[in-house]
Protein chains: 2
Amino acid sequence: MATVVRLRLTIAYLGTAFHGWAAQPGLRTVQGELETALTTVLRHPVALTVAGRTDAGVHARHQVAHCDIPADALAQITRAGGPSDALVSLCRRVNALTARTADVPGGDVVIRSAQIVDQTFDARFCALTRHYAYQLSDGSTGYNPLQAHTVWWTGDRVLEVNAMEEAANVLVGEHDFLSFCKPREGATTIRTLHKVEIARDNDHIRIALSADAFCHSMVRSIVGALVDIGLRRKKQDWMERLVAEPSRIGAAPVAPAHGLTLIGIDYPPPADWKRQQQKTRRLRTLDR
Amino acid sequence: MATVVRLRLTIAYLGTAFHGWAAQPGLRTVQGELETALTTVLRHPVALTVAGRTDAGVHARHQVAHCDIPADALAQITRAGGPSDALVSLCRRVNALTARTADVPGGDVVIRSAQIVDQTFDARFCALTRHYAYQLSDGSTGYNPLQAHTVWWTGDRVLEVNAMEEAANVLVGEHDFLSFCKPREGATTIRTLHKVEIARDNDHIRIALSADAFCHSMVRSIVGALVDIGLRRKKQDWMERLVAEPSRIGAAPVAPAHGLTLIGIDYPPPADWKRQQQKTRRLRTLDR
């Protein structure tokens, strides 16, 4: 039997021109583009498992995925040079291929790095923490088209960041986030939100969120709810009720996708990969 | 005869999906989109005169243009409210129209503000100084697709900013910039470059340039030359020769359009508009 190696890939993309991460027939997706390019370069079918499946229009700075490939497929990439050269070469060649299908000069998705990891690594189930950031702007300076792809302009009215921070504190901790999630069959909506930090720099607002995992549309629903608070459309007790009484009735509004970026994923040290994977699989039948 | 009012417009755009500023039949241009929308809202043909004609792919944060419209056309916009309401309403309605033709959520061009000015104001000929910024990134962190629209990634090799700064100093002052310009028939290529400032923040480099005016492709040629210096492909004496011996032979390479943004235009106080206009018209038959 051929020797199999597992690759851990770090990936960045501008989500604008993708129909999200997950491969869908006939649509341009991040997974689809990368699997096609990897399959071409490695001359062997490649299937990716990802840490954070992102929706259409959502970006990623440090997405993580893994795949298994025959050792031979990697070896044929560079005749000269060792395995680390082959990995650099793999990234370059995949990036050159994906850039061809993009409508921006340098391409809209790249594999930033590739490394060979133990079979106990799983991009999805070993992940300890997912970090996201949502970018907003507000106020009388108006909409800035230079940020059209990555910042949500909420309008002329100035968001009250203090009220948003107060409401954000209610969310931190382990809760059933059903009021902020599109639930999936057989999946729990209980998550541990480690932090929600809101920072304003003039008319630019950045909301940084970290959790063990986020369920579907959870970050965007939290941001949507916080903006309703910031605009004084809703009050603190509404946010408290969303958390205390998990429900899809009167659920939080969903902020647009283009303001959201997956910032990074934390993993435990290699010795703990196996244990972490087992733990996560027990906790969630389906996760993001 | 109908009373005519002159409008001064401040405009911002993401240049990616435009074939530059100048209207061209059958192509999507900033001037074309804005003139069409203004003509629709004002129910009167509108022609714009701009401070800095930008090439395809170049962006603008504070572009300035002017146009003349019948006072009646403005009055019909808001039945209630005074002229300042009409101007706010004009911007909103134009922006709503242009957003429809864009492939990004909030649109890729907006009129940020409109004001009524004296007939002595001319967006092009009254301008004292034009400010541009060019954004680059370099180094082993690699290409970042999140900045695909606005930053030029020059590659893995680290640019030597000190050498670039030294070379930039040679450019400041009044010179014949023929080595950095695509000359136009009957137009001078003599310009006064007020400053070239280079600032690095990790792998991000910003080059800020100010001049009385720039000739065609001048900013991008200066940046192209500075990058050749930063990569040690060229030396300081090459830059000195480009300035001392103006020529299209061995001219500077042109950096890609997408890194460039028009940052703003300076004008003298209203009392000096007429004099400034006359002075500029004498100096240049054609300018940018």
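This is a predicted model: local features need pLDDT of at least 70, side-chain atom pairs count only at pLDDT 80 or more; totals for chains, interfaces and linings use all residues.
**Exercise 1. Find which residue forms a salt bridge with B:Asp138, and state where the two partners lie in chain B.**

Solution. B:Asp138 forms a salt bridge with B:Arg200, and the closest N and O atoms are 2.8 Å apart. B:Asp138 sits in the loop between E5 and strand E6 (152-153) of chain B, whereas B:Arg200 belongs to strand E8 (residues 190-201), which places the partners 62 residues apart. As for accessibility, B:Asp138 is buried, with a relative accessible area of 2%, and B:Arg200 is partly exposed, with 35%.

**Exercise 2. Describe the interface of chain B and chain A, beginning with the number of residues that each chain brings to the contact.**

Solution. The contact takes 27 residues from chain B and 27 residues from chain A. The area buried between the two chains is about 2,000 Å², and carbon and sulfur atoms give 65% of that area. On the side of chain B, the residues that lose the most area to chain A are B:Tyr143, B:Pro145 and B:Leu146, which together account for 31% of what that side buries. Turning to charged partners, the rule finds two salt bridges across the interface, and B:Arg92 forms a salt bridge with A:Asp156, with the closest N and O atoms 3.0 Å apart.

**Exercise 3. Work out how the rings of B:Phe121 and B:Trp273 are arranged, and whether each of these residues is buried or exposed.**

Solution. The structure holds 16 aromatic pairs over all chains. In the pair of B:Phe121 and B:Trp273, the centres are 5.0 Å apart and the planes make an angle of 65°; because angles over 60 degrees count as edge-to-face, the pair is edge-to-face. B:Phe121 lies in the loop between strand E4 (109-117) and strand E5 (129-137) of chain B, and B:Trp273 lies in helix H7 (residues 273-283), 152 residues apart. B:Phe121, at 0% relative accessibility, counts as buried, and B:Trp273, at 6%, counts as buried too.

Notes:
Residues are numbered from 1 along each chain as its sequence is written. Chains are lettered from A and ligands numbered from 1 in the order in which they are written. Side-chain values use heavy atoms; hydrogens and water are left out. Rings of Phe, Tyr and Trp (its six-membered ring) pair if their centres lie within 6.5 Å; planes under 30 degrees apart count as stacked, over 60 as edge-to-face and the rest as tilted. Helices (H or I, at least four residues) and strands (E, at least two) are DSSP runs, numbered from the N terminus. Buried means under 20% relative accessible area, exposed over 50%, partly exposed in between (1.4 Å probe, protein chains only). Contact means heavy atoms within 4.5 Å. Buried area is the accessible area (1.4 Å probe) that two parts lose on being put together, summed over both. A salt bridge is a side-chain nitrogen of Lys or Arg within 4 Å of a carboxyl oxygen of Asp or Glu.
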